[in-house]
Amino acid sequence: MTQSPTLSRRSTSSAPALRKSRQRGADARAGYTFLLPWLLGFIALTVGPMISSLYLSFTNYNLFDPPKWIGLDNYTTLFQDERFLQSVGVTVGYVVFGTPLKLAAALAVAMLLNSKRRGQGFYRSAFYAPSLIGASVSIAIVWKAMFGDNGPVDQGLSIFGINLGGWVGNPSMTMPMFILLTVWQFGAPMVIFLAGLKQIPNDLYEAASMDGAGPVRKFFNITWPMLSPVIFFNLLMETIHAFQIFASAYIISNGEGGPAGSTLFYTLYLYLRGFSDFRMGYASAMAWLLVIVVGIITLIFFRTSKSWVHYSGDAK
Amino acid sequence: MTTMATPTQSTADAQVPHYNPKSESAGAKRAKSTLFHVVALALTAVVLYPGLWMIASSFKPNAEIGGGNTSLWSSNFSFDNFVTAMEGIGGVSTLQFFTNSLILAIGAVVGTILSASVSAYAFARIKFPGRSIFFGMMIATLLLPFHVVIIPQYIVFQQLGLVDTYVPLLIGKFLAADAFFVFLMVQFMRNLPAELDEAARIDGAGHVRIFTSIMLPLMKPALISTSIFSFIWSWNDFLGPLLYLNTPEKYPLPLALRLFVDQTQSSDYGAMIAMSVLALLPVLIFFLVFQRYIVEGVSTQGLKG
């Protein structure tokens, strides 16, 4: 690829230029050699599988017989599949309610911690800890035990005279339980918010104070715009992550998505279709729909971000 | 917040706070500080409660867990649950599950460090045609739901007869499949001064020399972050082992834990919780030892938990 320009230049150029073009050729070779692990992985584990999963999504494939082309049937069947529609509803509900709540908690606590006080490091670490273990099987088990009918949470609430009729076994309470699980992991976005808050120059707040601005004005006129790139980053990452919740859903619902399908998250249904029913084509169609939806959401985020995300580069 | 109204005070806030008895705001400041600690400590209690409840319950007899006991204290502390948990499940000892998890996690760390650092060097320090396109593709994989690749990957590994081995779980680590770590290292290397490799080049060093003797030693912080996170993520991974492993002898802890839950259901809560604690133990120890480093890493590199 890079050999030909090097060769053609060799005949006409002077010695330093020759050395330069030789260097360029050596760089290209070195570049691809160093990139080799990623390149191999990218082709074999990402691009290749993506193409074949797109193909499979138009087929009937059970892993044992050869794939049979059925066109768009998987996609049309999906929208008549009540369990699929339910899994979409469950997942969208989780993303729409869980992510903003989690980010609001993260931002509120980050603002609380954004001042020089003793113990700040301790609080930061304590609040971050759940993010590290939140998606583990252990925590799913603990959650299931704590929110079990008549479990510690029910018991604790009954002290205040609240009876919600159980959590794990109550279809209308499983979603709030999962939302609490994700909000509980507010530490990861909080730490990122905190780093962003520290970047905001203090003189902005001082100037605002001198103009008589209160905390609310300061928040909306300084903190929010200055922090908007970080808010954008957290919003995008947390949303994409939320779509992919799996381990906790699998464990808490015994791998079935119950009760009454109330915990049938998208990825759980995809897993069940693909790896329990061996409907690989159907599951591939689900996977591609997820890619498309995440792609569209990412696009919308980036498009709308122009109106509310301010990068410091623009201001200067 | 409300006492921030006067400009003089907020300047004082910004500088190193020192006690000034004559200042009018000293009392208000102390009240504010007390309020801060009350709120922060209350929040800490709520956030840490599930973890503490888990640890406390692992020492309690079954009867004290099942009945919705919210207390963190028991008069009947015992190690019985751990004894049961260590026996393992399906004829495989918990020690075996630990070893399996350890093999997978160490493999993940070694593979990720090797492949991600080499690939990142190419992205950050070598000019070659197509670099920016590949870089863009790598960034795109960060946002790609990996569910789109698991089905074909499974089919391929199944046809190669590699299901129920560790190969499918580890090969991606040696091929820099966690784009996140590549990205992290690229960002890190880009911040190192360009004069470093220019000087080395004049001295006649090639890319291999520059990479091994200049970049790698300087990248220590990024390598440590990567090691910690790839260890913990591998340790907690559930979907990968669930897909690829079907012999209990090869199970890592999360999968063993699921098996344990399936077989005991809620009959032996204590042992189940004790095993959950055991499964989290390395992560908890890692966190306690490296917490500062982990939290710094998140804030500077935007890692997720």
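In this predicted model, 100 residues of chain B are in contact with 96 residues of chain A. The size of an interface is often given as the accessible area lost when the parts come together. By that account, chain B and chain A bury about 8,400 Å² between them, and 77% of this area lies on carbon and sulfur atoms. On the side of chain B, the residues that lose the most area to chain A are B:Phe36, B:Ile151 and B:Lys304, which together account for 9% of what that side buries.

As for the elements involved, helix H2 of chain B (residues 26-57) supplies 16 residues, the largest share of the side of chain B that touches chain A.

Chain B also carries a nonpolar surface patch of about 610 Å², made by B:Ile224, B:Leu281, B:Ile285, B:Leu288, B:Val289, B:Phe290 and B:Tyr293. Helix H15 of chain B (residues 269-301) contributes six residues, the largest share of this patch. B:Ile224, another of the patch residues, is placed in helix H12 of chain B, which covers residues 220-236. Because its relative accessible area is 33%, which lies between the limits of 20% and 50%, B:Ile224 is classed as partly exposed.

A contrasting setting is found at B:Ser117, a residue of helix H5 of chain B (residues 94-125). B:Ser117 has a relative accessibility of 4% and therefore counts as buried, since the limit for that class is under 20%. When neighbours within four places in sequence are left aside, B:Ser117 is in contact with B:Thr112, B:Met185, B:Met189, B:Phe211, B:Leu216, B:Met219 and B:Leu223.

In chain A, A:Phe79 is located in the loop between helix H3 (73-78) and helix H4 (82-113). Apart from neighbours within four places in sequence, the residues in contact with A:Phe79 are A:Phe84, A:Leu85 and A:Leu289. A:Phe79 and A:Leu56 are separated by 23 residues in sequence, and the distance between them in space is 18 Å from C-alpha to C-alpha.

How values were computed: Residues are numbered from 1 along each chain as its sequence is written. Chains are lettered from A and ligands numbered from 1 in the order in which they are written. This is a predicted model: local features need pLDDT of at least 70, side-chain atom pairs count only at pLDDT 80 or more; totals for chains, interfaces and linings use all residues. Side-chain values use heavy atoms; hydrogens and water are left out. Patches are made of residues with over 30% relative accessible area and no salt bridge: like charges are joined within 9 Å, nonpolar side chains (Val, Leu, Ile, Met, Phe, Trp, Tyr) within 5 Å. Accessible areas come from the Shrake-Rupley method with a 1.4 Å probe; for residues, only the protein chains shown count as cover. A salt bridge is a side-chain nitrogen of Lys or Arg within 4 Å of a carboxyl oxygen of Asp or Glu. Helices (H or I, at least four residues) and strands (E, at least two) are DSSP runs, numbered from the N terminus. Buried means under 20% relative accessible area, exposed over 50%, partly exposed in between (1.4 Å probe, protein chains only). Contact means heavy atoms within 4.5 Å. Buried area is the accessible area (1.4 Å probe) that two parts lose on being put together, summed over both.
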